[in-house]
Amino acid sequence: MTKGPEAMTRAAPTTLRPTTPKEVRDAVLDTSGRLAISGAGTARQWAGRLAEVDATLDLSALSGVIAHNPGDMTVSVHAGTPVRELQDELAEHGQRLAIDAARIGRGATVGGLVATADAGPSALVYGGMRELVIGTTAVLADGTMVRSGGHVIKNVAGYDVAKLMHGSYGTFGPLVEVVLRLHPVPGSTACVAVDGPVGTATEHVHRLMASPLEPIAVEWVSGDPGTLLVRLEGGVETLPHRTGRLLELLGTDARESGEHAWAEHAALTSGSSGNETAVVRIGCAPTRLVPLLAQLPATAVTAGLATGVATVTVPAASVTEVHDAVAAVGGTSVLRDRPAALDVPAWGPAPSALALLKAIKTRLDPGARFAAGRFDPWM
């Protein structure tokens, strides 16, 4: 008997929702075929398109604080914990996770930020998740629970799997626990803005970074003519004086601005593409960023002039051109959004360490079960 079209259709993938690390391990062992790993879904469109899978491992229920050591300023959490919920709990102790990635407001999880190597403007001082993670627990394809690091800030024993998982997009397996270093909640914050093109903003940044003002974030947002945003943190009594000095340094057009300015920055950084545009995250040496931006057909830009990290919206047909231009200056780039109907490259030229990455993938996930497609066409 001939099978009809409906019988020939691939079955819809099963969604598994484990609530404990053991349940994650059991799900990996009990499920055959390819697995997608999902959290809040705020970076679903990032990197390469996910290939067809047999099941989705939804870690959104694997949430909550495991142990908080206020004296050591460390906390361990389940990977599916939304960062904004974690911040609320830490704030009761005058502490925080010093990261301000744009999609935190949309529910991004700790594990998701690690897996996508996401960061925000304050990476200028605090670094990204790579610098804030001091330990992880992950599940490999054979069910092995791999622990790396712990509640000690300096840990040199064994391989640093935590660093390996940073920016892996789930291709080596799911994170189930993350240990983080914390920072105090600042007594006060201030934002100063000054309008001007990116060239003028760069001159301001050169003077600013040579001053003793110690900005926490320095970002330029494109527009007509564009706006430079500078954030300061400090004590309630001392910050007004530093803010005044910053206003003097930036000139008579500088003004104090509220947090709404950073909300607009976040919206542009995490914004979705249009029908014919794509969003690309790029990084290079700070001194090369502005000349690089001048080469790109960008219609919208947020640029960390002191970090060398930017997000650009470009015509979808120009994505390959963007990847090549970034690679030519020794930088890196990854697609963050693209039109659903168009197939555009998520990554630029393959890195020199591709053979090593493939070897690690083969060792940890020999059946290529996890996150297939995320690093296409590299592997």
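I began with the rule for a ring pair: rings of Phe, Tyr and Trp (its six-membered ring) pair if their centres lie within 6.5 Å, and planes under 30 degrees apart count as stacked, over 60 as edge-to-face and the rest as tilted. This is a predicted model, where local features need pLDDT of at least 70, side-chain atom pairs count only at pLDDT 80 or more, and totals for chains, interfaces and linings use all residues. Residues are numbered from 1 along each chain as its sequence is written, and side-chain values use heavy atoms, with hydrogens and water left out.

Entry one, the cluster. I found that ring pairs join Tyr169, Trp347, Phe375 and Trp378 into a cluster.

Entry two, the total. The rule gave me five aromatic pairs. I looked at Tyr169 and Trp347: their ring centres are 5.9 Å apart and their planes stand at 85°, so I noted the pair as edge-to-face.

Tyr169 is buried at 11% relative accessibility, and Trp347 is buried with a relative accessible area of 11%. Next I checked Trp347 against Trp378: the centres are 4.9 Å apart with planes at 40°, so this pair is tilted. Trp378 also counts as buried, at 14%.

The charged end of Arg103 sits over the ring of Trp46, 4.6 Å from its centre. For Arg231, the charged end sits over the Trp262 ring, 4.3 Å from its centre.

Methods: Buried means under 20% relative accessible area, exposed over 50%, partly exposed in between (1.4 Å probe, protein chains only). A charge sits over a ring if NZ of Lys or CZ of Arg is within 6 Å of the ring centre and within 35 degrees of the ring normal.
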